[in-house]
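Biologist: I would like to learn how to read a model of this kind, one feature at a time. Could you take me through it?

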Amino acid sequence: MEIWRLPISASQRGKLISAGYTSLSSLSSISSSDLARELKVSESEAMNILKVASHSRGSETSNASCSIVEVLDTFQWWAGAQSAWDMLHDEESLMHITTSSADLDNILGGGIHCKEVTEIGGVPGIGKTQLGIQVAVNVQIPNDFGGLGGKAIYIDTEGSFMVERAFQIAEACIEDMSEYNRFLRKDFQECKIKMLPQDILENIFYFRICSYTEQIALINYLDKFLSEHKDVKVIVVDSVTFHFRQDFDDMALRTRVLSGMALKLMNLAKRFSLAVVLLNQVTTKHTEASFQLALALGDSWSHTCTNRIVLYWNGNERYAYIDKSPSLRSASAAYSVTARGIRNSSSSCKRIKMM
Amino acid sequence: MARLANLETEYPVLDSTVRNFCASHGIFSVEDFLIHDLYMLAAFAEQNDSSERLKEGIAQVLSVIDDMHQPWLNGMELLEDAKRNKHVFPTGIQGIDLLLGDGIRVGQLTELVGPSSSGKTQVCLRTASNVARNHMVLYLDTGNSFSPQCIAYFLGKTISPSSAQAKNQFLQKVMSNISCHSVFDIFAMFDVLHQLESYLRCQDGRGGCQMRLLIVDSISSLISPVLGSSSTLGVINSKLMDTARALMTSAGYLLKKLAHQHNLAVLIINHTVGGEGGSSKPALGDSWKCIPHSRLFLSCDRGSNTYNVSILRHPSMASGKAARFVI
């Protein structure tokens, strides 16, 4: 195995190579003090390098001598590999986060999926923040009512989170739950809903971000935060674009930063089994002769999310369209934004008519 | 390549006299040895007092180097190997199989390029479900887009209707052959590929169900966080570029080596970026362009369910040929 593949800093790698250590076997028989002297680094750095190298080598030698049964076992079970059959059964038991609009839930296959990163984008005023707040509230629906009973993290980059609106949506959600309780569970003992809107608000962890460095720092910190708060089930980022649209002269840096951020979010979604919802803005793209609306942040960003939903106006109705999904068919559904949150659309016109 | 000092334990002829002589010419490792002018070195050794030892030492190092290269093969042996081991796997999608002349080939790296939502993951899932009937498949997933329901759906379409239990057993048998592993950074991918290499070395000896397909979805999202662009100036950026390009080509060569030595078909997914004039071109740049053996460009007709595929590069089919398919 080559030195290239060790996760050490570029300067350490350069020093190792110029001193002649280009493969792991050359590092096997040297002590840390000798290495420190050769590379002219501190002894703790040398010890670190040797630790990383022996860790990588350890995984190699452990598989060197293997019997048939051992081989099969080590293959299936090292560090997170799963067979498709097991995953199929896991997926069937995964819950979805409802959006409170039955049509929207239908095209989403039950709601927002856990363990996946869903990107939702649309023109200003279409209801992205409303959808974000609705998801942050709906994730807290208890298990008895078909929800996840988890907490939410809301990362606000634009300052568009309105606490009063969240309170309103939470109230409406609790009222809906007691209605459901009354109509569908009347043969069971009617258990009073003990949740209050204040409880729902208490379970939303709110972070306000003012620059892109804060955004990246927060995503890095979320690893530790989620290990302490294991009941968080959704992360909403509203919006992921805002700090990356201005002040970025270096587009290559932006692509690198965004791809790195997307991979970290994927990692969090997979490890902690939660849903990640990223809200995005739109931009105009000049294709052939016409201008088209497309989601912001460019082509490379469009590949980084698992699912993509585009929200758009059709006449006077709000529609959601599944643009990209590994398991769902492309479909649209109408929804509306009401005083109680996101709901199915009714036929009456909700858009303000311009005089 | 090892340092000469470390080789002393195995080859005691490389003692301190030899090493001091080499050090006086700036040679500290076997790699330095290779780039040095060996005639000059031999001439200097001749003039030295202990010329015999030095010549023995030089001969020893040369024999170490000789052991390191791959064995020579002639054309007949290559043909034998191709006929015996390098089969072709159909993807299960008629349009693509017709275009490629039966499917993707073992021992080659096939790249699927396309804009977002153009069917790349679906093609991979379809191919995986097809190959998994008889062989094992490893799916490296970077975007949590591996969908077991899609695999079950594709498999369900192909078998004749029978009892639910028989169908279940069939699904279990085939789907247990597919292993999905999530990797979120390039070093993790190298780890997995390295472990895979050790596994394949053990597997080659025995018979039974063997791994024949490796899918990486997608390699571009692993390399994008480290790859910059050549238009940015600055020493730091160019160092970053070199490391990133080295990682990228290293990954490509490792995949090709796995494909050839262990008879795997490798399918990788790449995405597109904007090129000049609004057209899209494959990501990862010119350095990556020559690494995959075949490149297929996929696109989707908005509104309908049909996809277009065209050949950008293929060892045996003409490039520019196109076809349509449905999933």
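Modeller: We will go through the two chains by topic, keeping in mind that this is a predicted model.

Biologist: How many helices and strands are there in chain B, and what does the radius of gyration say about how spread out chain B is?

Modeller: Chain B has 14 helices and 11 strands. The radius of gyration is compared with a rule for globules; for the 327 residues of chain B that rule gives 20 Å, whereas the computed value is 25 Å, well over it, so chain B is more spread out than a compact globule. Along the principal axes, the C-alpha atoms of chain B fill a box of roughly 85 × 50 × 35 Å.

Biologist: What share of the residues in chain B is buried, and what share of its contacts with a separation of 6 or more joins residues 24 or more positions apart?

Modeller: A residue counts as buried when its relative accessible area is under 20%, and by that cut-off 50% of the 327 residues in chain B are buried. Of the contacts in chain B with a separation of 6 or more, 65% are between residues 24 or more positions apart.

Biologist: What are the corresponding values for chain A?

Modeller: In chain A, 49% of the 355 residues are buried, and 64% of the contacts between residues at least 6 apart in sequence join residues at least 24 apart. Chain A contains 13 helices and 14 strands.

Biologist: Which residues of helix H1 in chain A are buried, and where do they lie around its axis?

Modeller: In H1(A), which covers residues 10-18, Gln12(A), Arg13(A) and Leu16(A) are buried. Viewed down the helix axis, the buried residues of H1(A) fall within an arc of 100 degrees, so they line one face of the helix.

Technical notes:
Residues numbered from 1 in each chain as written. Chains lettered and ligands numbered in written order. Predicted model: local features only at pLDDT ≥ 70, side-chain atom pairs only at ≥ 80, totals over all residues. Heavy atoms only, no water. Helix = DSSP H or I, 4+ residues; strand = E, 2+ residues; numbered from the N terminus. Rg over C-alpha atoms; globule rule 2.2 N^0.38 Å. Buried < 20%, exposed > 50% of the residue type's maximum accessible area, 1.4 Å probe, protein only. Contact = heavy atoms within 4.5 Å. Arc of directions from axis to C-beta.
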